[in-house]
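Please look over the sequence and the model first, and then follow the points below by topic.

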Amino acid sequence: QTQPEAPSKNVGPEYRPTTQKPLATVSTALKHENVHVLPQTPQLIALLTMIRDKNTGRADFIFHSNRIIRLLVEEGLNHLPVLEHTITTPVGRTYAGVKFEGKICGVSIMRAGEAMEQGLRECCRSVRIGKILIQRDEETAKPKLYYDKLPEDIATRWVLLLDPMLATGGSALMAVQVLKDRGVPEDHILFLNLIASPEGAKNFAEQYPKVRVVTAFIDMGLNEKNYIVPGLGDFGDRFYTM
Ligand code: PRP
Ligand code: URA
């Protein structure tokens, strides 16, 4: 009997030892306990590779971003509390499981954050969604708050704050302040993010140690225009207009 061929060293979850990977494919380590980076699976790195590529067109950018967003939402939901819940299966056995507890809502930081709403709706049907319009000034990279529309009872909900890019952290910090002004406790906020810069993530995590951040990747840094590097360019432009 012939033995199955041994898998090639370049495939599978250990497709390359961390020490041999190009630096840009290894998420920067941060010591803040409230920052959670998704497991760095080959699938996730392949999806990130696709959306980082400047030659990836809009349709592929949307498709592959949506797959990462779905992973972020599923991981974010794992941080919400559950209650013990025992059910009976069709074959008459009991199963001691759990069920979700509490009310949630999504809040997207417009415009790019709106791209994450569909992924949230796919996991939480008819979830309420609030909006905060914050735009970075192109010259100074400082955020400006233009508008917010949030559920009336937001103070009683768990809030999933959505923005794919955390660069200087200015926009996310401003959005959390809006939520706090509406009475949302910091520890009821989960920030879901695709790519963070180390300085933005550190800045955010230190100013709001009780807000949990779930991100797919912490990049290498910021360039002179405060764009994330290696990054993916302008997420909003690539998702909506390019
Ligand atoms: C982008 C991004 C974040 C912000 C991140 O939005 O979606 O909101 O920049 O940068 P920061 O951490 O330095 O604040 P932008 O203001 O470019 O608007 P857009 O969503 O319309 O693209
Ligand atoms: N906003 C983006 O879309 N990309 C960056 O790199 C920084 C801010």
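Ligand 2 is surrounded by Ala 112, Met 165, Ala 167, Tyr 227, Ile 228, Gly 231, Asp 234, Phe 235 and Gly 236, where a residue counts as near a molecule or strand if its C-beta atom, placed from the backbone, lies within 6 Å of it. This is a predicted model, in which local features need pLDDT of at least 70 and side-chain atom pairs count only at pLDDT 80 or more, while totals for chains, interfaces and linings use all residues. Residues are numbered from 1 along each chain as its sequence is written, and chains are lettered from A and ligands numbered from 1 in the order in which they are written.

**The ligand shells**

- The shell around ligand 2 divides into six nonpolar, two polar and one charged residue, with Ala, Val, Leu, Ile, Met, Phe, Trp, Tyr, Cys and Pro counted as nonpolar, Asp, Glu, Lys and Arg as charged, and the others, Gly among them, as polar.
- Ligand 1 is surrounded by 22 residues, of which Ala 112, Ala 167, Thr 168, Ser 171 and Gly 236 are the closest.
- Two or more residues of the shell around ligand 1 come from each of β5 (128-136), β8 (165-166), α4 (170-181) and α6 (235-241), the helices (H or I, at least four residues) and strands (E, at least two) being DSSP runs numbered from the N terminus.
- The largest share of the shell around ligand 1, three residues, is given by α4.
- By class, the shell around ligand 1 holds 10 nonpolar, eight polar and four charged residues.

- Strand β7 (residues 158-162) is mostly covered, with five of its five residues buried, a residue being buried if 20 or more other C-beta atoms lie within 10 Å of its own, with C-beta atoms placed from the backbone.
- Trp 158, Leu 160 and Leu 162 point one way from β7, whereas Val 159 and Leu 161 point the other way.
- Strand β4 (residues 104-110) pairs with β7 in the parallel sense over five bridges, pairing requiring that DSSP finds at least two bridges between two strands.
- Gly 106 has Leu 160 of β7 as its bridge partner.
- Strand β9 (residues 189-196) runs parallel to β7 and is joined to β7 by four bridges, and Leu 162 has Leu 192 of β9 as its bridge partner.

Methods. A residue is buried if 20 or more other C-beta atoms lie within 10 Å of its own, exposed if 12 or fewer, and partly exposed in between; C-beta atoms are placed from the backbone.
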